[in-house]
Amino acid sequence: MKSFHGFIMSMFFRLLMEEALGEARKALLEGEVPVGAILADSHGVIVSKAHNQPISLHDPTAHAEILALRRAGPLCGNYRYEGAILAVTIEPCPMCMAAAIHARIACLVFGARDPKWGAAGSLYDFAKDNRLNHRIEVISGVMEEDCVKLMQDFFQTRRGKNQKNPERYRSGRNGVDSKSTCPVNSGARGFESHPLRQMKSAGR
């Protein structure tokens with residue numbers, strides 16, 4: 001009976017990951033890093049879906065997990081989702097893992113590990129940190145090969161575009177040269193005429 005229950009849960013996690021991969025493919029088509037997230041309630045009903053949108057929304061916090069959590073709030077009428085499952089194609093970063101802890105997510109399911117940013121066992125392990133006031137059960141490696149391939153396809157495509165037009169992609173994830181349009185990235189010379197610089201010069 002125990003093994004049968006485990007089989008049912010593994011199939012359920014796979015179904016959630018297939019939905020998350022569908023969201024990740026949307027991100028890929030939009031030129032975003034292909035990460036998708038699904039939030040299901042304690043009964044297994046999908047509450048919200050989201051994919052990475054930092055570029056299109058001009059928002060560094062618009063990761064798939066954050067957007068899925070935000071969309072679930074009004075639907076649940078709460079900012080905490082007791083017993084909920086968060087399924088993500090790639091291991092969450094520290095920001096997203098912290099948000100999941102604040103939201104009281106019960107279980108995190110992810111596909112591929114992220115050795116550079118992962119906060120669910122790779123770089124950090126927020127889920128098992130005894131200093132935090134909530135624990136999240138972590139299930140990793142669900143449809144891992146599919147999740148990895150999607151990321152590999154994205155970065156291979158981007159590297160190809162990088163070689164054709166390195167100036168356009170020098171600013172990283174964005175598909176345009178954000179350094180030339182954002183005052184923060186315009187360099188010291190461009191910042192001389194910024195109102196904040198003038199206020200500082202005036203002694204305010």
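**Cysteines.** A disulfide would require the two sulfur atoms to lie within 2.5 Å. I then searched the whole structure and found zero disulfides. Cysteine 93 is buried, at 10% relative accessible area, while cysteine 76 has 38% relative accessibility and counts as partly exposed.

**Confidence.** I noted an average pLDDT of 84 for the protein, with 76% of the residues scoring at least 70. Residues 165–181 have pLDDT below 50, yet the model gives this stretch 25 contacts beyond near neighbours in sequence. For residues 199–204 pLDDT also stays under 50, and here I found one contact beyond four places in sequence. Where pLDDT is low, predicted coordinates should not be read in detail, and I treated both stretches accordingly.

**Sheet.** I traced an open sheet of five strands in the order E2-E1-E3-E4-E5, with mixed pairing. Which strands stand at the edges? They are E2 (46–51) and E5 (137–139); each has a single partner strand, so one side of each is left without a neighbour in the sheet. From one strand to the next the twist averages 15 degrees.

I went through the pairings next. E1 and E2 are antiparallel and share five bridges; glycine 36 has histidine 51 in E2 as its bridge partner. Five residues separate the strands of this hairpin, and glycine 44 there takes a positive phi near 90 degrees. E3 and E4 are parallel, again with five bridges, and valine 88 stands opposite phenylalanine 110 of E4. E4 (residues 107–112) and E5 also run parallel, joined by three bridges; cysteine 107 is bridged to glutamate 137 in E5.

Is E4 enclosed or open to the outside? I found six of its six residues buried, so E4 is largely enclosed by the rest of the structure.

**Helix against the sheet.** I checked helix H3 (residues 64–76), which lies across E1 (36–40), E2 and E3 (85–90). H3 runs at about 145 degrees to E2.

The largest nonpolar core holds 51 residues, of which Leu39, Tyr81, Leu86, Ile105, Leu108, Val109 and Ile136 touch the most other members. Two or more residues come from each of H1 (2–29), E1, H3, E3, H4 (94–102), E4 and H5 (144–164). Helix H1 gives the most, seven residues.

I then listed the surroundings of tyrosine 81. Beyond its neighbours within four places in sequence, tyrosine 81 is in contact with Leu39, Leu69, Ala72, Gly73, Cys76, Ala103, Arg104 and Ile105.

Arginine 104, one of the contacts of tyrosine 81, has a positive phi of about 60 degrees although it is not a glycine. I placed arginine 104 in the loop between H4 and E4, where it is buried at 13% relative accessible area. Histidine 58 likewise is not a glycine and has a positive phi, of about 55 degrees. Histidine 58 sits in the loop between H2 (54–57) and H3. Is histidine 58 buried or exposed? At 71% relative accessibility, I recorded histidine 58 as exposed.

Notes: Residues numbered from 1 in each chain as written. Predicted model: local features only at pLDDT ≥ 70, side-chain atom pairs only at ≥ 80, totals over all residues. Heavy atoms only, no water. Pairing = 2+ DSSP bridges. Helix = DSSP H or I, 4+ residues; strand = E, 2+ residues; numbered from the N terminus. Axes fitted to C-alpha atoms, helices over the stretch in contact; angles between N-to-C directions. Contact = heavy atoms within 4.5 Å. Core = buried A, V, L, I, M, F, W, Y, C linked by side-chain atoms within 4.5 Å. Buried < 20%, exposed > 50% of the residue type's maximum accessible area, 1.4 Å probe, protein only. pLDDT = per-residue confidence, 0-100.
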